[in-house]
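User: I am new to reading protein structures. Can you take me through one, feature by feature?

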2 protein chains.
Amino acid sequence: MGIPREEYEQRQEAVRRRAADAGLAAVLCVSGPFYARPGDVAYLTGHFPPFPTAESETKLRGTGHAAVVLDGRRCALVVDTPAYREDLVVASEVVVASDVWAEAARLLQGTAGPVGCVGSDVLPWEGARALEEAGVRLVAADPVVRELRRVKSPAEVELLRGACGCAREALLACAGACLLGTTEVEVAAQGAAAGLRAGADFVRYVRVHSGPWSAWPTRWPPATGRVLQKSDLVLLDAVGACGGYAFDVGRTTLVGFDVLPWQRELFDAVLRALASCLRAVRPGAPVAQVVHAALRAFEDRGLGPHASRFLGHGIGLETVEGPLLVPDSSEVLREGMVLCVEPAVYLPERGGVCVEEVVVVVPDGWEILTSQIPRRLWE
Amino acid sequence: MGIPREEYEQRQEAVRRRAADAGLAAVLCVSGPFYARPGDVAYLTGHFPPFPTAESETKLRGTGHAAVVLDGRRCALVVDTPAYREDLVVASEVVVASDVWAEAARLLQGTAGPVGCVGSDVLPWEGARALEEAGVRLVAADPVVRELRRVKSPAEVELLRGACGCAREALLACAGACLLGTTEVEVAAQGAAAGLRAGADFVRYVRVHSGPWSAWPTRWPPATGRVLQKSDLVLLDAVGACGGYAFDVGRTTLVGFDVLPWQRELFDAVLRALASCLRAVRPGAPVAQVVHAALRAFEDRGLGPHASRFLGHGIGLETVEGPLLVPDSSEVLREGMVLCVEPAVYLPERGGVCVEEVVVVVPDGWEILTSQIPRRLWE
């Protein structure tokens with residue numbers, strides 16, 4: 001399993017063509033470590049920076065990052081450590097550098113024309129300054145790679161399916177641990193261990209938001225020492241990666257077996273919203289239409305004001321990729337896009353329900369990659 | 001436990017003074033999410049961005065980041081979500097924004113003079129461009145906050161001690177799991193679960209590099225499906241945070257109880273190097289001297305060519321902070337610095353040994369915060 005070498009070469013070639021079409025003399029692609037924004041470099045070369053990003057010092061800059069310099073004749077990878085996976089990386093050359101930005105500037109020296117920067121939301125300002133001071137003429141060019149990344153190949157879909165398998169194990173373990181008197185932290189520990197055992201590269205976190213905290217879509221820290229109470233809603237979100245591809249799957253469960261009427265109302269509304277927006281998913285469908293289908297389902301039940309207007313996002317080599325599923329999106333779904341669809345309703349101080357599925361857009365609609373994970377985990 | 005409110009206010013006041021001394025009209029401080037580079041904003045306000053960084057879209061930029069605008073009259077925090085911990089954050093105002101960079105620019109509008117950027121190695125290029133286009137005159141000013149962060153207060157040292165307690169549980173669990181026939185992944189799963197159970201905010205990863213992989217100081221992925229063999233060296237590294245403060249503790253263990261002669265030689269050399277460099281640790285000692293003390297110990301045993309020349313780093317709100325313990329450092333140790341000291345020797349294709357301790361610089365030398373973690377975990 002994995003991405004075949006030829007697929008990397010095809011990706012490099014596609015970027016080369018797109019860069020030429022955009023009038024770029026070269027592309028500089030910049031990524032972060034394996035647990036945060038590794039996508040563009042991993043997409044082109046299979047490299048995942050293994051070390052954390054670190055405070056810069058005079059002779060060590062760009063630690064935890066990697067860069068790709070791609071032009072008509074080469075796809076050169078700049079890494080911050082000799083401990084890169086030579087057996088997995090596809091590049092015309094690999095350079096180990098203590099200053100990633102200086103090395104990228106050196107490789108780009110003398111480039112006649114603008115250099116398209118992919119990762120303008122990742123490249124640190126100090127890196128951009130170092131490059132510009134070295135005479136590199138950077139222009140933002142994220143779509144040159146990001147548009148390609150939005151549509152997943154069959155090999156990528158299989159990797160994402162495998163990643164969802166890790167999330168399944170994590171969430172089932174969490175659900176089994178959601179017992180009266182347990183702490184959020186204990187639930188998270190069992191979930192993380194199960195995800196890793198299932199082969200995850202890492203589990204960045206498992207969110208366990210119980211009771212009133214279930215009304216929080218996100219929170220620091222992801223799990224606390226709070227003790228689970230009878231009839232608590234427990235919002236679970238397993239986030240990590242397997243084989244380089246991310247998982248981000250959410251469920252809401254219950255302490256005990258008795259769903260209170262107001263909780264059932266939230267569950268029903270969320271599942272109805274999910275069904276409504278999935279019905280709208282197909283190649284060519286505007287993202288806004290999909291989002292509004294879900295929001296209308298909440299409004300029909302009088303829950304509009306409490307429904308999340310963030311309906312989800314793309315997923316792939318990173319947890320949160322485009323397209324974002326937001327009401328004012330101007331994007332259109334394409335075959336092969338993989339989306340986290342996460343309708344949610346949050347009643348402040350009381351509790352919330354979110355169900356997050358991973359869905360691939362197929363010719364006649366959609367396929368759910370997370371269908372093996374029950375939606376009513378307490379049953 | 002935690003950092004008292006007054007300490008945050010003192011930090012803000014100290015930055016205000018330093019900014020004025022540096023001729024800055026204001027400071028813009030930028031950080032990443034809780035699991036990657038949260039340090040500067042967390043130091044000033046106690047805020048840890050809870051959401052992942054994400055690909056930018058037109059109306060959502062800077063997601064997963066946070067910014068602080070600090071000047072003579074205010075310490076304003078810009079967050080990307082209403083789900084921030086109001087109960088934990090110390091700021092004169094908090095603004096929730098869908099575009100963190102646009103909001104920071106708005107707050108800085110009309111600032112008469114240069115704005116010092118803290119986090120020039122974190123602020124994405126697109127953020128810097130948005131700020132500059134809005135008329136903000138940014139200058140790199142990382143030391144204004146980073147120098148303060150290098151010296152830990154007594155409250156910070158206690159939090160780091162607590163974090164080391166999580167690492168202890170993680171490493172002891174890993175050591176217990178390093179049995180013939182187990183996989184690296186299973187060892188990592190048990191370690192991560194134990195660290196979370198001990199109260200970690202998150203365990204970013206537990207490295208488990210077995211057999212020949214123990215000669216790799218870093219690797220993607222941190223644990224693989226490799227099955228442990230008799231007499232394998234197993235390099236373990238537990239990395240995460242507790243109460244916002246990071247842990248990064250390393251040990252090397254063994255499958256079985258019989259240390260082979262060449263392995264004993266590596267262990268002895270590493271422990272000798274550790275003792276040598278710790279003897280050099282005290283306020284006022286040049287970092288280079290500490291590093292060379294360790295390297296000389298390796299050279300004396302003929303292991304110089306295989307010794308890591310990266311001897312460690314500061315630790316605090318981030319895993320890897322300054323000072324970096326590298327041979328050409330021009331820095332000097334100060335009382336209250338907390339360091340990861342990690343002498344290591346790696347024999348390619350055979351195996352390596354690394355022992356990583358967390359050490360606080362005290363008036364008469366050092367105190368080890370990780371002394372409760374045995375160095376010979378297999379015994």
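User: By what turn and what shift can chain B be laid on chain A?

Analyst: First, a caution: this is a predicted model. Now the general idea. Two copies of a chain are related by a rotation about an axis and a shift along it. Here the turn is 180° and the shift along the axis is 0.0 Å. Chain B then lies on chain A with an RMSD of 0.0 Å. That is the relation of a two-fold axis.

User: How many residues does each chain bring to the contact?

Analyst: Chain A brings 57 residues and chain B brings 57 residues. On the side of chain B that touches chain A, the elements giving two or more residues are α4 (125-133), α7 (184-197), β7 (202-210) and β11 (321-325) of chain B. α7(B) gives the most, with 9 residues.

User: How do the residues on that side of chain B divide into nonpolar, polar and charged?

Analyst: There are 33 nonpolar, 9 polar and 15 charged residues.

User: Why do the copies meet through the same surface?

Analyst: Compare the interface residues. Of those in chain B, 100% are also interface residues in chain A, so the copies meet through the same surface.

User: Next, cores. Which residues have the most contacts inside the largest nonpolar core?

Analyst: The general idea comes first. In soluble globular proteins, nonpolar side chains tend to be buried together. In this model, the largest nonpolar core has 281 residues. A192(A) and A192(B) have the most contacts inside that core.

User: What does A192(A) touch?

Analyst: Leave out residues up to four places away in sequence. Within chain A, A192(A) touches A170(A), V203(A) and V206(A). Across in chain B, A192(A) touches A192(B), A193(B), L196(B) and V203(B).

User: Now sheets. What is the strand order in the open sheet of 6 strands in chain A?

Analyst: The order is β4-β3-β2-β1-β5-β6 (chain A), and the pairing is mixed. The edge strands are β4 (93-96) and β6 (138-140) of chain A, since each pairs on one side only. From one strand to the next, the twist averages 25°.

User: In what sense do β1 and β2 of chain A pair?

Analyst: They are antiparallel. Strand β1 (residues 26-31) and strand β2 (residues 66-70) of chain A are joined over 5 bridges. One place to look is V30(A), which stands opposite A67(A) in β2(A).

User: Which strands does helix α1 of chain A lie across?

Analyst: Helix α1 (residues 5-21) of chain A lies across β1, β2, β3 (75-79) and β5 (115-118) of chain A. The helix runs at about 65° to β2(A).

User: How many residues of helix α3 of chain A are buried?

Analyst: Helix α3 (residues 100-108) of chain A is mostly covered, with 7 of its 9 residues buried. The buried ones are V100(A), W101(A), E103(A), A104(A), A105(A), L107(A) and L108(A). Their cover includes β1, β2, β3, β4, β5 and α4 (125-133) of chain A. Just after α3(A), G110(A) takes a positive phi of about 80°.

User: Why is strand β8 of chain B described as largely enclosed?

Analyst: Count its buried residues. In strand β8 (residues 233-242) of chain B, 10 of the 10 residues are buried, so the strand is largely enclosed by the rest of the structure. L233(B), L235(B), D237(B), V239(B) and A241(B) point one way from β8(B). V234(B), L236(B), A238(B), G240(B) and C242(B) point the other way.

User: Which sheet holds β8(B)?

Analyst: An open sheet of 3 strands, in the order β7-β8-β9 (chain B), with antiparallel pairing. β7 and β9 of chain B stand at the edges with a single partner strand each, so one side of each has no neighbour in the sheet. The twist averages 10° from one strand to the next.

User: How many bridges join β8(B) to β9 of chain B?

Analyst: There are 10, linking β8(B) to strand β9 (residues 245-254) of chain B. Among the facing residues, V239(B) stands opposite D248(B) in β9(B). β7(B) and β8(B) are joined by 8 bridges. There, Y205(B) has V239(B) as its bridge partner. β8(B) and β9(B) form a hairpin with 2 residues between them. In the turn, G243(B) has a positive phi of about 60°.

User: Last one. Is P343(A) buried or exposed?

Analyst: P343(A) is buried, with 31 other C-beta atoms within 10 Å. P343(A) is found in the loop between β12 (338-341) and β13 (344-347) of chain A. The residues that P343(A) touches include V270(A), L274(A) and L311(A), not counting residues up to four places away in sequence.

Technical notes:
Residues numbered from 1 in each chain as written. Chains lettered and ligands numbered in written order. Predicted model: local features only at pLDDT ≥ 70, side-chain atom pairs only at ≥ 80, totals over all residues. Contact = placed C-beta atoms within 7 Å. Helix = DSSP H or I, 4+ residues; strand = E, 2+ residues; numbered from the N terminus. Nonpolar A, V, L, I, M, F, W, Y, C, P; charged D, E, K, R; others polar. Core = buried A, V, L, I, M, F, W, Y, C linked by C-beta atoms within 7 Å. Buried ≥ 20, exposed ≤ 12 C-beta atoms within 10 Å, placed from the backbone. Least-squares fit on C-alpha atoms with pLDDT ≥ 70 in both. Pairing = 2+ DSSP bridges. Axes fitted to C-alpha atoms, helices over the stretch in contact; angles between N-to-C directions.
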